[in-house]
Amino acid sequence: MSTRKYLAVRPVRNGKGIVALRGFRRGATVCRIRGRIVSADTVWGYWQRGNTRRGENCFRFDADRYLDPEGEIGAYANHACNPNTGIVKDARGLKLVALRSIPAGEEITHDYSTLLGADDVWTMKCNCGNAGCRRVVRNVAKMPGTLLRRYRRLGVIPEFILSTCG
Ligand SMILES: [Zn+2]
């Protein structure tokens, strides 16, 4: 599936983001996250060199590796506290799956906390504008319990993240 026909990078509420060019049904794969698998040290290097944007864009891939989407559409996947997609890991890697039906024109978002293990100290001030915005995005262990249970039910917190919660 070429994402080019269905998705575009456009100006959104917070910088640039991924916008749906057609509708998606609930449960549909909206986007596969393509990129390079890199070590945690590589991501740390981005931060140390001041390339915070690139560091922030990386998706945690397992206990100690990340997926760096630089140059791919996944680099524009923004956070929302009430997102329309969730992260699922399967045999081919990471993908964004629609949590509800998504109309054409809507920004594709996911909840960054679902990829932040309990050992992750990174936080982000949030300006998603959703009702119920958490204001600060923190790791999965600090997520409200009702939200954690909802995401678990939906299957959008990878096992390697859940396992960090003990
Ligand atoms: Zn928010």
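This is a predicted model: local features need pLDDT of at least 70, side-chain atom pairs count only at pLDDT 80 or more; totals for chains, interfaces and linings use all residues.
Residues are numbered from 1 along each chain as its sequence is written.

View 1. Helices (H or I, at least four residues) and strands (E, at least two) are DSSP runs numbered from the N terminus. The radius of gyration, taken over C-alpha atoms, is 15 Å, in agreement with the value near 15 Å for a compact globule of 166 residues, the globule rule being 2.2 Å times the number of residues to the power 0.38. Along the principal axes, the C-alpha atoms fill a box of roughly 35 × 35 × 35 Å. Of the 166 residues, 34% count as buried, a residue being buried if 20 or more other C-beta atoms lie within 10 Å of its own, exposed if 12 or fewer, and partly exposed in between, with C-beta atoms placed from the backbone.

**View 2. The three-stranded open sheet, ordered S4-S6-S5.** The pairing in this sheet is antiparallel, and its edges are strand S4 (36-39) and strand S5 (59-60), each of which pairs on one side only. Helix H1 (residues 40-48) packs on the sheet, touching S4 and S6, and its direction makes about 85 degrees with that of S4; axes are lines fitted to C-alpha atoms, for helices over the stretch in contact, and angles run from 0 to 180 degrees between N-to-C directions.

**View 3. The four-stranded open sheet, ordered S1-S2-S10-S7.** Here the pairing is mixed, and S1 and strand S7 (78-79) are the edge strands. Strand S1 (residues 7-11) pairs with S2 in the antiparallel sense over five bridges, and Arg 10 has Gly 17 in S2 as its bridge partner. S1 and S2 form a hairpin with four residues between them, and Gly 15 in the turn has a positive phi of about 75 degrees. S2 is joined to strand S10 (residues 107-110) by two bridges in the antiparallel sense, with Ile 18 opposite Ile 108 in S10.

**View 4. The largest nonpolar core, which has 35 residues.** Such a core is a set of buried Ala, Val, Leu, Ile, Met, Phe, Trp, Tyr and Cys residues joined through C-beta atoms within 7 Å. Val 30, Cys 31, Phe 59, Leu 67, Leu 96 and Ile 108 touch the most other members. Strand S9 (93-98) is one of the elements that supply at least two residues, and S9 gives the most, with four residues. Outside the four places on either side in sequence, Leu 67 touches residues including Ile 33, Ile 37, Phe 59 and Leu 94, a contact requiring C-beta atoms, placed from the backbone, within 7 Å.

**View 5. Pro 158, in the loop between helix H3 (145-154) and helix H4 (159-162).** Pro 158 counts as buried because it has 21 C-beta neighbours inside 10 Å. Neighbours within four places aside, Pro 158 is in contact with Ile 87 and Lys 89; the C-alpha atoms of Pro 158 and Ile 87 lie 7.5 Å apart, although 71 residues separate them in sequence. Helix H3 lies largely in the open, since the number buried among its ten residues is one, and H3 is followed by Gly 155, whose phi is positive, near 75 degrees.

Conventions:
Two residues are in contact if their C-beta atoms, placed from the backbone, lie within 7 Å. Two strands pair if DSSP finds at least two bridges between them.
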